[in-house]
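Have the viewer ready and follow along.

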Amino acid sequence: MTTNAIALMLLSLASTIIDRALKIREAAGQSKEWTADEEQTFDDQLKSAREGTLPHWKVEPDAP
Amino acid sequence: MKRTLALFIALWLALGAGISTVIVQSTGCAMVQPGNSALVVRAEQTAKISFTLIDGFLAYEKAHRDELLKLSPDIKKSADALRVEAPKAIEALRVATKAYKSNRTPANEVTLSTWLAVVDALSARVGELTLKTKAINV
């Protein structure tokens, strides 16, 4: 693996960390029950994961 | 190279788990709006935080699968197990949360607390993966 590839991986990782941290902070900052709209948004996201619509949630066969 | 990759993964997972733990603990005593249930608020936060953590791990695993398979095939197996189990468990937590919101009986509270524990355990599994990844590369 080249240095450039490692650097790209590192950048990708850093971006993911920041993105997740912001989302988690947003989720935990709310001290009230969800509204119907908030429930619907989350449930739609969960449905996508359950049905494998989100590509990274789909179980793929192991490479031979 | 393997050590570097393992360090990246460990860092990401540890940071994710650490952030969620700190936030969940720090908001555990936060004021809940009048009329709202602390248990419901916690259940909804847990659903979202667990989903976000697992979603991030699965996205990273898919994006770097080739490199990770060289480290250990167990990482993909663990990720696939999460892909199957997590949506079902979080869905069950959502159903239990809605049931308790509409009818706050002791029985519904027990069911909700049970699914809350199951989903908490899923988040903890992401932390265990960190240790496993580190152990492989020691």
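## The ring cluster

In this predicted model, ring pairs tie Trp34(A), Phe42(A), Trp57(A) and Phe51(B) together into a cluster. Searching the whole structure gives 3 aromatic pairs over all chains. Two of them are described below.

## Trp34(A) with Phe42(A)

A pair of aromatic rings is described by the distance of the centres and the angle of the planes. For Trp34(A) and Phe42(A), the centres are 5.2 Å apart and the planes make an angle of 50°.

## Across to chain B

Phe42(A) also pairs with Phe51(B), and here the geometry is edge-to-face: 75° between the planes, with 5.7 Å centre to centre. Why does this pair join two chains? Phe42(A) belongs to helix α2 (residues 36-50) of chain A, while Phe51(B) belongs to helix α2 (residues 38-63) of chain B, so the contact runs from one chain to the other. Phe51(B) is buried, as is Phe42(A).

## Chain A as a whole

Stepping back, chain A contains 2 helices and 0 strands.

How much accessible surface does chain A have? The total comes to about 4,200 Å², and carbon and sulfur atoms account for 57% of that surface.

Terms used
Residues are numbered from 1 along each chain as its sequence is written. Chains are lettered from A and ligands numbered from 1 in the order in which they are written. This is a predicted model: local features need pLDDT of at least 70, side-chain atom pairs count only at pLDDT 80 or more; totals for chains, interfaces and linings use all residues. Side-chain values use heavy atoms; hydrogens and water are left out. Helices (H or I, at least four residues) and strands (E, at least two) are DSSP runs, numbered from the N terminus. Accessible areas come from the Shrake-Rupley method with a 1.4 Å probe; for residues, only the protein chains shown count as cover. Rings of Phe, Tyr and Trp (its six-membered ring) pair if their centres lie within 6.5 Å; planes under 30 degrees apart count as stacked, over 60 as edge-to-face and the rest as tilted. Buried means under 20% relative accessible area, exposed over 50%, partly exposed in between (1.4 Å probe, protein chains only).
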